[in-house]
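Good morning, colleagues. Please look at the model on the screen, and I shall take you through it part by part.

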Amino acid sequence: MNRRHFITIAVGSFAIARPAFAVPTRIEVYKAPTCGCCSAWVEHMERAGFSVDAQDIDQDALYALKARSGITPDLASCHTAIVDGYVVEGHVPARDVQRLLAERPDAFGLSVPGMPIGSPGMEMGNQRDAFDTLLLMRDGSTELFERHA
């Protein structure tokens, strides 16, 4: 192997490996200070590579944030997050958030309404409920984003 070939391979390898060195996506999470499942979801997001800024706020402030963000009671869960201009409500799997950021649909966010058992942060042994991640459209409607069996 000559020097030029070695340098070409080395530079090409760095370009392929470069995403591993990318700055983690920052996500702001607003939650009640006593909610253990919210803290577990934060840990799930950190394990997936997100840089999480978790802020504990009182329930009234959290409800007001949800309302300002377009989260109606039927879409609500226990915590609300903001990532790159999108709202993420509840126990949305990290891979769904990653897909949202990759595809950048014309929507305002994602929601997993309620607190389904087995969703990230709501793990209870081997028990799992099927749940859907909903895409929150700007007109107030929702579309199925991902089904989790």
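The side chain of Asp-132 makes a polar contact with the side chain of Arg-147, at 3.0 Å. Please bear in mind that this is a predicted model. Asp-132 sits in strand β6. Leaving aside residues up to four places away in sequence, Asp-132 touches Ser-111, Val-112, Pro-113, Leu-144, Glu-146, Arg-147 and His-148. One of these neighbours deserves a remark: Glu-146 is 14 residues from Asp-132 along the chain, yet their C-alpha atoms are separated by 5.8 Å.

Let me turn to helix α2. This helix covers residues 36-47, which makes 12 residues. From first C-alpha to last, α2 reaches 17 Å, close to the 16 Å expected at 1.5 Å a residue. Which residues of α2 are buried? They are Cys-37, Cys-38, Trp-41, Val-42, His-44 and Met-45. The face of α2 turned away from the buried side carries the exposed residues Gly-36 and Arg-47. As for partners, the buried residues of α2 pack against strands β1 (26-31), β2 (51-56), β3 (80-83) and β4, and against helix α4. Just after α2 comes Gly-49, with a positive phi of about 100°.

Not counting residues up to four places away in sequence, Met-45 touches Ile-27, Phe-50, Val-52, Val-92, Ala-94 and Val-97. The largest nonpolar core has 23 residues, and those that touch the most other members are Ile-27, Met-45, Phe-50, Val-83 and Val-97. Two or more core residues come from each of β1, α2, β3, β4, α4, β5 (109-112) and β6 (131-136). The largest share, four residues, is given by α4.

Next, helix α3, residues 59-69. The buried residues in α3 are Leu-62, Leu-65, Lys-66 and Ser-69. Seen down the axis, they fall within an arc of 100°, so they line one face of the helix. Asp-60, Ala-67 and Arg-68 are exposed on the other side of α3. The buried residues of α3 pack against β1, β3 and β4. After α3 comes Gly-70, whose phi is positive, near 95°.

Where does His-91 lie? It is in the loop between β4 (86-90) and α4 (94-103). His-91 has a relative accessible area of 0% and is therefore buried. A polar atom of the His-91 side chain lies 2.6 Å from the backbone oxygen of Pro-120.

Finally, a word on confidence. The mean pLDDT of the protein chain is 88, and 85% of its residues reach 70 or more. Over residues 3-21, however, the pLDDT is below 50. Beyond near neighbours in sequence, that stretch has two contacts in the model.

Definitions and conventions
Residues are numbered from 1 along each chain as its sequence is written. This is a predicted model: local features need pLDDT of at least 70, side-chain atom pairs count only at pLDDT 80 or more; totals for chains, interfaces and linings use all residues. Side-chain values use heavy atoms; hydrogens and water are left out. Buried means under 20% relative accessible area, exposed over 50%, partly exposed in between (1.4 Å probe, protein chains only). A polar contact is a pair of N or O atoms within 3.5 Å; within protein, one must be able to donate a hydrogen and the other to accept it, and residues adjacent in sequence count only if both atoms are side-chain atoms. The expected span of a helix is 1.5 Å times one less than its number of residues. Contact means heavy atoms within 4.5 Å. A nonpolar core is a set of buried Ala, Val, Leu, Ile, Met, Phe, Trp, Tyr and Cys residues joined through side-chain atoms within 4.5 Å. pLDDT is the predictor's confidence in each residue, from 0 to 100. The arc is that of the directions from the helix axis to the C-beta atoms.
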